[in-house]
Amino acid sequence: MVIFNAKNLNIWFGQIQALRNVSIEIESNEILSIIGPSNSGKTSFLRMLNRLNDLNPGFKMSGWLEFAKEDIRKIDIESLRKRVGMVFALPLPLPLSIFDNIAYGVKMHGERNRRKISSIVEHSLKQAYLWDEVKDRLGVSAFKLSGGQQQRLCIARTLAVNPEVILFDEPCSGLDPISTAKVEEAMLKLKKDYTIVLVTNNVKQAARVGDRTAFFLSGELVELDRTEKIFTAPRDQRTDGYIRGKFG
Amino acid sequence: MRKFKEFLIEKLIFICGLASIFFVILIFLFLTKEGLAVFKYVNPVDFLMGKSWYPISEPAQLGILPLIFGSLIVTLGAAIISIPIGIACAVYIAEVAPSKIKEVLKSGIELLAAIPSVVLGFIGMVTLVPWVKTVFHLPTGLTALSGSIILAFMAMPTIVSIAEDALYSVPKSYKEGAFALGATHWQTIYRVLLPAASSGIVAAVMLGIGRVIGETMAVMMITGNAAVIPQSILVPVRTLTATIAAEMGEAVVGSEHYFALFAIGIVLFIMSFIINVTADLFLHKRH
Amino acid sequence: MRNTQRSQKIAFFFLFLATLLIVVPVGLIVVIIIQKGLPAINWQFLSDIPRQGMRSGGIFPAIIGTFYLVFGAIVFALPIGLLAAIYLSEYAKDNMLNRIIKLAIVNLSGVPSVVYGLFGLALFVVFFKFGASILSGSLTLGIMILPIIITTSREALESVPQSFREVSLSLGASKWQTIRQIVLPNAIPGILTGTILGLGRAAGETAPILFTVAAFYLPRLPKSIFDQAMALPYHLYVISTQVPNVDEKVRYGTALVLLVLVLFMNLVAIIIRYNFRKKKKW
């Protein structure tokens, strides 16, 4: 099933055009990796999917983008963001305790029952493989965790509001290889319940976890295909160059 | 339900956001409402240029030129004292002082800014005024000079802190460039940093002077309050602000005198408006 | 080379001298007031009403009057100022309206204090017929400290990292929920600092209360917000200039109480700011 459908999507920040005529379909329960050099528009595209770009002054869009067959501009923005969660490039815990970080979104959506909130917190932390490490100190500040733990906390926090899609914006850019492996493992496990869109600077990571991979350059979608295809026989020379450049 | 509550809150936030505009307009409106009535009794030129201020004689003479001169001479004196000292202090704090002393000095300046003007006026009365009297062999120490000295102290925190900000926000690369060319620290300061920070320093000076013109209590307590055009800085003067403060208590609501004091308020309001808008332009020029 | 070094030394010496010219008198002022005012301070001075035409007795009604005024000013100014700061930091777009609001704030902070007094007289005392009362004086002082509260609160709100807002919004929280749950709690120390600075300013000002509230001599406590009241700064003005033959000790004592009150508030603000910077988690 197609969950996101973009047609001729153009966006601008002030005078600068960040996406040019991007058309793309994202299937449910796949991991779509998006690669490309910096300023290629990949993060701008990702932030279209939960309308976080709306926060930027001077943002404009043209073209068509629908989520679950609905025009994204017509969906209530809060319920869109509840259904499309996001994990940011740097671990960004809120200045709250571990428990309250996870419970935050749940509470904001009106859940008052303490027992229910507790069970959601526990479940989400387990899904993000963090429960065993933090179960005895849920009340301490989230800033006390290590970088990798913080990032898994952010994943758990996103899972807690029960989204359909999770957007990952270079989630491992600040992490060491061991933490990265843990985050990737979590992503692969999550695939069966969620659709995942992963923006990454790390070409190897895209190759490891993506079902399909898209290559962005200067705001355009250059190529989109099965990950093995992109990495073994890309149709476009620019894709080939980018991947090889990174390898070599 | 939640959406509706948030809608109301956001409307309230918007209304409060406009509050400052509302109050500026309200202040201007009520000053003019009460103040413009004076022009039924005296025409604007005679009001601004008239040389005698005898508001309770019969008929009342409502010329505020002596008061304008009073404000000008006190302000000028305060400016001459506070500008060089204030800028020098800002340069010292921003560039020369070791970082530990810097914090102490900044707290000292903040302390000065926090002292209520009536306390400074009181201290001026009991220390500075007798001193001015004996040093210059005057019949009274309540003079424009005493006022200028105390007002200089009230202007300095403003001048120092804004000028220091201006110096601080000059890009580091300017300084490094000058050092790389072999300039000494002092050469770098006066050839590179001061010119680069000039518009912020101009704004600092203007806001300091704005503070001086508007200052009331200290001035009223130590300038002697004689409403005559001053011939020197060593005679008593009366400023615009002190006139309002000293006389409004006795003016009958709705009398000529009452209207005239409000008209002085309009003059002060317009002066502060011009000073603040211009200073703001200078402040934002550097960005 | 030798020459430029020497001129640098001379220049720095003069810069240092200028700094001393500011800092030393400030220290002297504080020391003189403490030294000469301290002997006047005793329990009677702080708790008794003024007696014998304010030449003896205490200053209790003036202290209480100042507390009432400052409290009233903050009750009025804090909610408006805080919401205005939220508007500027969270909602305002970079447009003409925003520029006008900022200009209005700059102007409001530059209006001479005696002009606030005139305004309070015309609007609250005469037009609304509140008379010379604590209510009129508090409202006047409240409008006067509004720019301080708006500016400092806005800085505090803007110093909360943008990423916190993005995280909260990305979880589907509404804008107001984000402000209420994430932005405001993390800006509280800054807002508190600004509020206390505003309090200190309101406590020390005389000109705005001259015609809106201040009683020359009122040897009892105010009974309601429609009563006149004595206030410390005005009392100091009165006993320094309007009443002859007041013992110098009483004047210094009053100045000391006012100075301590104002400086104490500033000190609290500085401590809050310092602790907050030290503890800051991001």
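This is a predicted model: local features need pLDDT of at least 70, side-chain atom pairs count only at pLDDT 80 or more; totals for chains, interfaces and linings use all residues.
**Chain A: its sheet and its interface with chain C**

Helix α6 of chain A lies across the strands β6 and β7 of chain A, running at about 170° to β6(A).

- In chain A, 6 strands form an open sheet in the order β6-β7-β8-β3-β9-β10, and their pairing is mixed.
- The strands β6 and β10 (220-226) of chain A stand at the edges with a single partner strand each, so one side of each is left without a neighbour in the sheet.
- Neighbouring strands of this sheet are turned by 20° against each other on average, when direction is ignored.
- Strand β6(A) pairs with β7 (residues 165-169) of chain A in the parallel sense over 4 bridges, and A:Val87 has A:Phe168, in β7(A), as its bridge partner.

**The interface of chain A and chain C**

- Contact between the two chains involves 25 residues of chain A and 18 residues of chain C.
- The area buried between chain A and chain C is about 1,800 Å², and carbon and sulfur atoms give 68% of this area.
- Of the area that chain A buries against chain C, 31% is supplied by A:Pro95, A:Tyr104 and A:Met108, which is more than any other three residues supply.

**Polar and charged features of the interface**

- Between chain A and chain C there are 4 residue pairs in polar contact, and 1 salt bridge is found across the interface.
- In a salt bridge, the side chain of A:Arg47 meets that of C:Glu166 at 2.8 Å, N to O.
- The side of chain A that touches chain C has 14 nonpolar, 6 polar and 5 charged residues.

Technical notes
Residues are numbered from 1 along each chain as its sequence is written. Chains are lettered from A and ligands numbered from 1 in the order in which they are written. Side-chain values use heavy atoms; hydrogens and water are left out. Contact means heavy atoms within 4.5 Å. Buried area is the accessible area (1.4 Å probe) that two parts lose on being put together, summed over both. A salt bridge is a side-chain nitrogen of Lys or Arg within 4 Å of a carboxyl oxygen of Asp or Glu. A polar contact is a pair of N or O atoms within 3.5 Å; within protein, one must be able to donate a hydrogen and the other to accept it, and residues adjacent in sequence count only if both atoms are side-chain atoms. Ala, Val, Leu, Ile, Met, Phe, Trp, Tyr, Cys and Pro count as nonpolar, Asp, Glu, Lys and Arg as charged, and the others, Gly among them, as polar. Two strands pair if DSSP finds at least two bridges between them. Helices (H or I, at least four residues) and strands (E, at least two) are DSSP runs, numbered from the N terminus. Axes are lines fitted to C-alpha atoms, for helices over the stretch in contact, and angles run from 0 to 180 degrees between N-to-C directions.
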